Amino acid sequence: MLKQSPVYAKKSADSYHHGDLQSALLAAGLEILERHGNISEIALRQVARAVGVSPAAVYRHYSSKEALLSALAVEGFRRLTDAQSEPVAGRIVTPVRLSHMGRAYVRFAISNPSLFRLMFSPLVSGSRDAALMFAAQQLVDNLESAIGTVAGPRLATAGRRKAALRSWSMVHGLSMLLIDQQLKIAHSEVDRMIEAVVDPSVMLGF
């Protein structure tokens, strides 16, 4: 199973220059989230302590815990969109490459389970934060565009949206089953199962 490299490395407080602190706070928040596995465990003071700055410095970037969680979710959607786009970057989208996009989605989820849960939590889905809404929509638009390219003129706009929803439901459902450990399979078999389940014909539905 794929694991990402550590997202955060602590620096001394006096090593930050303009723009660095916000990135460091995000990285610390991501590290704490994945270490504890629960958004209730994240506090602005805890993030400040991890980075080595005062709580007041954190509040200059994030006015509340909810603001920090929204920023973490935005970063999650950006990373997931990038991971999903990588198999087709600079290439023509084919059915096989579309399935690679779906597999990248599932592998992102199982490598970042707590972040993935945050991204699709009620706290996030009910947010009206513009950056968060945009980042989440980019993920959907990316998939819909890829399906439209593969399907060509055989699918009208409504058909592309339906196919995108079917594909998204499939990879998202599989992701949740895996990160919630609902599938009784050996760790060594996870990658093989993802390859077998996320199939181009299933994603496209035709």
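User: What do the buried residues of helix 1 pack against?
Analyst: They pack against helix 2 (44-51), helix 3 (55-59), helix 4 (65-85) and helix 6 (113-119). Contact here means heavy atoms within 4.5 Å. The buried residues of helix 1 include Leu21, Leu25, Gly29 and Leu33. The model is predicted: local features need pLDDT of at least 70, side-chain atom pairs count only at pLDDT 80 or more, and totals for chains, interfaces and linings use all residues. Residues are numbered from 1 along each chain as its sequence is written, and side-chain values use heavy atoms, with hydrogens and water left out.

User: What makes residues 20-36 a helix, and how does the reach of helix 1 compare with the expected span?
Analyst: Helices are DSSP runs (H or I, at least four residues), numbered from the N terminus. Helix 1 has 17 residues. The expected span is 1.5 Å times one less than the number of residues. Helix 1 reaches 24 Å from its first C-alpha to its last, close to the 24 Å expected. Just after helix 1, Gly37 takes a positive phi of about 75 degrees.

User: Why is the contact of Glu195 and Arg103 called a salt bridge?
Analyst: A salt bridge needs a side-chain nitrogen of Lys or Arg within 4 Å of a carboxyl oxygen of Asp or Glu. For Glu195 and Arg103, the N to O distance is 3.0 Å, so the pair qualifies. Glu195 lies in helix 10 and Arg103 in helix 5 (residues 95-111), so the pair ties together parts that are 92 residues apart in sequence. Arg107 also meets Glu195 in a salt bridge, at 2.7 Å. That pair links helix 5 with helix 10, 88 residues apart.

User: Which of these count as buried, partly exposed or exposed?
Analyst: Buried means under 20% relative accessible area, exposed over 50%, and partly exposed in between (1.4 Å probe, protein chains only). Arg103 has 8%, so Arg103 counts as buried. Arg107 has 16%, so Arg107 is buried too. Glu195 has 36%, so Glu195 is partly exposed.

User: What about Glu189 and Arg192?
Analyst: Their closest N and O atoms are 3.4 Å apart, and they form a salt bridge. Arg192 has 57%, so Arg192 is exposed. Glu189 has 30%, so Glu189 is partly exposed. Salt bridges that share partners join Arg103, Arg107, Asp191 and Glu195 into one network. The whole structure holds 8 salt bridges.

User: Why is the pair of Phe77 and Phe120 called edge-to-face?
Analyst: Rings of Phe, Tyr and Trp (its six-membered ring) pair if their centres lie within 6.5 Å; planes under 30 degrees apart count as stacked, over 60 as edge-to-face and the rest as tilted. The structure holds 4 aromatic pairs. Phe77 and Phe120 are 5.4 Å centre to centre, with 75 degrees between the planes, so the pair is edge-to-face. Phe77 is in helix 4 and Phe120 in the loop between helix 6 and helix 7 (122-125), so the pair ties together parts that are 43 residues apart in sequence. Phe77 has 4% relative accessibility, so Phe77 counts as buried. Phe120 has 27%, so Phe120 counts as partly exposed.

User: What makes the pair of Phe120 and Trp168 tilted?
Analyst: The centres are 6.3 Å apart and the planes make 55 degrees, so the pair is tilted. Ring pairs link Phe77, Tyr105, Phe116, Phe120 and Trp168 into a cluster.

How values were computed. Helix = DSSP H or I, 4+ residues; strand = E, 2+ residues; numbered from the N terminus.
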